[in-house]
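This report describes selected features of one structure, shown below.

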Amino acid sequence: QVQLVESGGGLVQPGGSLRLSCAASRSIFSIYAMGWYRQGPGKQRELVAAIISGGTTHYADSVKGRFTISSDNAKNTVSLQMSSLKPEDTAVYYCNARIVSGRNELDYWGQGTQVTVSS
């Protein structure tokens, strides 16, 4: 098991930047994947960015070139640096940890942090 706590959300103007952080309650070194998802008003939750054990990263097309995901194994944190923010980036952002055990995949979620992009 792992508990995840997000921080860093808030209100930002279009074109601005924010950095989200996710603190895990245990070492993330052995976690298969850590990621950030978001859910906008009236929308389904979608993957924003993920980092796979070993360092491979994946991004949604809508955020490529603007968002960067990174992890710090020493601090057990995963961060999402968001730049050139757009109103359509407004959403609740959730940290996710996927733990693989044999054939089982278990997903753990943080409580979410609100990001609002508005002038």
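## A buried arginine

Arg38 is buried, with a relative accessible area of 6%; buried means under 20%, exposed over 50% and partly exposed in between, with a 1.4 Å probe and protein chains only. The model is predicted: local features need pLDDT of at least 70, side-chain atom pairs count only at pLDDT 80 or more, and totals for chains, interfaces and linings use all residues. Residues are numbered from 1 along each chain as its sequence is written, and side-chain values use heavy atoms, with hydrogens and water left out.

Arg38 belongs to strand β4 (residues 33-39). Strands here are DSSP runs of E with at least two residues, numbered from the N terminus. Leaving aside residues up to four places away in sequence, Arg38 touches a set of residues including Gln44, Val48, Ser62, Phe67, Ala91 and Tyr93, where contact means heavy atoms within 4.5 Å.

## Polar contacts and salt bridges

The side chain of Arg38 has a polar contact of 2.7 Å with that of Glu46 and another of 2.9 Å with that of Asp89. A polar contact is a pair of N or O atoms within 3.5 Å; within protein, one must be able to donate a hydrogen and the other to accept it, and residues adjacent in sequence count only if both atoms are side-chain atoms. Glu46 and Arg38 also meet in a salt bridge (2.7 Å, N to O), the term for a side-chain nitrogen of Lys or Arg within 4 Å of a carboxyl oxygen of Asp or Glu. Glu46 is partly exposed, at 36% relative accessible area. A network of salt bridges links Arg38, Glu46, Arg66 and Asp89.

The whole structure holds 6 salt bridges. Among them is that of Asp61 and Lys64, at 3.1 Å from N to O; Asp61 is exposed, with 64% relative accessibility. Another joins Arg98 and Glu105, whose closest N and O atoms are 3.7 Å apart. Of this pair, Arg98 is partly exposed at 25% and Glu105 is exposed at 51%.

## The open sheet

An open sheet is formed by 4 strands in the order β1-β3-β8-β7, with antiparallel pairing; two strands pair if DSSP finds at least two bridges between them. β1 (4-7) and β7 (67-72) are at the edges with a single partner strand each, so one side of each has no neighbour in the sheet. From one strand to the next the twist averages 15°, based on axes fitted as lines to C-alpha atoms, with angles from 0 to 180 degrees between N-to-C directions.

β8 (residues 77-82) pairs with β7 over 6 bridges, and β3 and β8 are likewise joined over 6 bridges. Of the 6 residues in β8, 5 are buried. β7 and β8 make a hairpin with 4 residues between them, and Asn76 in the turn has a positive phi of about 55°.

## The disulfide

The whole structure contains 1 disulfide, defined as a pair of cysteine sulfur atoms within 2.5 Å. Cys22 and Cys95 form this link, with their sulfur atoms 2.1 Å apart. Cys22 is in strand β3 (residues 18-24) and Cys95 in strand β9 (residues 91-101), so the pair ties together parts 73 residues apart in sequence. The link is left-handed, with -80° about the S-S bond. Cys22 is buried at 1% relative accessibility, and Cys95 is buried at 0%.
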